[in-house]
Amino acid sequence: MTNSNFSRFDLQAFLIEAITAQGFSLPTEIQERLIPAIRSGKDVIGQSQTGSGKTLAFLLPIVDMINTDKAEVQTIITAPTRELATQIFNELKKLLDHQEEQTIQAKLLVGGTDRTRMIDKLEKAQPHIVVGTPGRINDLVSAQALGVQNTSMLVVDEADQMLDMGFIEDVDKLASRMAVELQMLIFSATIPEKLQPFLRKYMNNPRHVHVKPEHATAPTIEHRLISLRHRNKIEVTIEVAKIVNPYLAIIFTNTKEQADEVADAMQTAGLNVGRLHGGLQARERKQIMKQVNDVKIQYLVATDLAARGMDIKGITHIINYNIPKDLDFYIHRVGRTARAGKEGLAVTIYEPQEQEAIEKLMKRGINFIFADIKNGELIKLEKPKFGGNKPKSKSTVSSGKALAKPKKVKPGYKKKARYLQEKKEKRDRRLNRKK
Ligand code: ADP
Ligand code: MG
């Protein structure tokens, strides 16, 4: 237990125990580099690929640094969605459960839960660590249920999504209510330019640790592409879903309407399916996440609400009902599988208008394998038939065309060939009769 490679971080014994109990012996690179920096009190920007262990990179030093003599909020951890906040909170609990006495208190504060009850509980005791969504946390500060004026550590997880979802102002407001001497920890897979004003405002000479990925996505993901051709998309999706027979799969759609449509059809087809999108009630979202985590369902149909940050154990397959408008989301979506070195298969169904997007993903280093359904199996197709799998920089334009060609031209070509053949046979018969 004590010879864990985590022990040189000089963390409290119960934390080492908790990590060992989860079977982790080696810190990931981002953990390796960030844990000491956070403990030394530095502002930190942690940027690394999804699935690289950012959560523990901040949870371990945070828990370690809590002063239990003070019954006040010492750290606030924010995440853009309730699901993500809940996930972080559960990770935190796994650590706290190993305390000899439950001296460090943590609370999950997210929207969609009973606010009055939350306020009542907070009146009785203030937690040391708060995990939540920025909106609800601010709300509780405004209601004077949560005291943050002395809180000196703020974590912003999935900062780029916070920005996209318009929550960065909430985070800004929260930060302005906290202690002046604020240690800020920002985590994200990407640090977009638009985030810079916020970073400049709050970060004092931060340590920016960027673990650059060698590959666009984890090397253990296989990416397959299926051309829809003239088939029904929902039927193909269901067929793929059945063939891959996953432990747990997420089927991503671009809209909630599609998500409902696909989920309904899968249900009708007798598959064990759940759905997750922004159109559902908070209670429904919570229920489905519980079912997912308990592996009560085999398929989750979801919008990109579930694409970022979510670390669900046992996702073996991702099926993309369509290619996301924002290509970064392809990376986010497939990143829900093949986490922490495990393997995963991503199957994307595409149509002709999506071929440019595919080309772009290939340029980013996604190595697609073309595939199709045959006799109840996913078979690999020959590369030449479907155009360049590895676009060479100069020929990308033409390889894009090569990709497009077979589907557009081939059916016509076949028809024409058949037509010519028939014409020839007719003519031959006519000639024969004449003879
Ligand atoms: P990120 O936030 O970078 O996307 P997570 O913190 O969600 O990644 O971690 C991804 C997965 O890796 C989780 O299932 C987590 O339990 C696991 N993990 C974290 N640290 C380690 C480690 N040191 N060794 C092995 N697995 C780890
Ligand atoms: Mg994360």
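Modeller: In this predicted model, a polar backbone atom of G53 is 3.1 Å from an oxygen atom of ligand 1. A polar contact here is a pair of N or O atoms within 3.5 Å; within protein, one atom must be able to donate a hydrogen and the other to accept it, and residues adjacent in sequence count only if both atoms are side-chain atoms. A backbone N or O atom of S52 also lies 3.1 Å from an oxygen atom of the ligand, whereas for T55 the atom concerned is an N or O in the side chain, 2.6 Å from an oxygen atom of ligand 1. There are 18 residues around ligand 1, of which L26, Q31, G51, T55 and D311 come nearest, a residue being near if one of its heavy atoms lies within 4 Å.

Residues are numbered from 1 along each chain as written, and chains are lettered from A and ligands numbered from 1 in the order of writing. Local features need pLDDT of at least 70 and side-chain atom pairs pLDDT 80 or more, while totals for chains, interfaces and linings use all residues, and side-chain values use heavy atoms, leaving out hydrogens and water.

Q31, one of those nearest residues, is also part of the packing of α2 on α3. Helices are DSSP runs of H or I of at least four residues, numbered from the N terminus. Helix α2 (residues 29–39) and helix α3 (residues 54–65) pack at about 30 degrees with axes 9 Å apart, where axes are lines fitted to C-alpha atoms over the stretch in contact and angles run from 0 to 180 degrees between N-to-C directions. That makes α2 roughly parallel to α3, because angles under 35 degrees count as roughly parallel, over 145 as roughly antiparallel, 65 to 115 as roughly perpendicular and the rest as oblique. The crossing of α2 and α3 is right-handed, which is to say that the near helix is turned clockwise from the far one by less than a right angle. With contact meaning heavy atoms within 4.5 Å, I30, Q31, L34, I35, I38 and R39 of α2 meet K54, L56, A57, F58, L60, P61, D64 and M65 of α3. These residues divide into 10 nonpolar, 1 polar and 3 charged, counting Ala, Val, Leu, Ile, Met, Phe, Trp, Tyr, Cys and Pro as nonpolar, Asp, Glu, Lys and Arg as charged, and the others, Gly among them, as polar.

Another pair is helix α5 (residues 115–124) with helix α6 (residues 134–142), which pack at about 60 degrees with axes 11 Å apart; α5 and α6 are therefore oblique to each other.

Methods
Helices (H or I, at least four residues) and strands (E, at least two) are DSSP runs, numbered from the N terminus.
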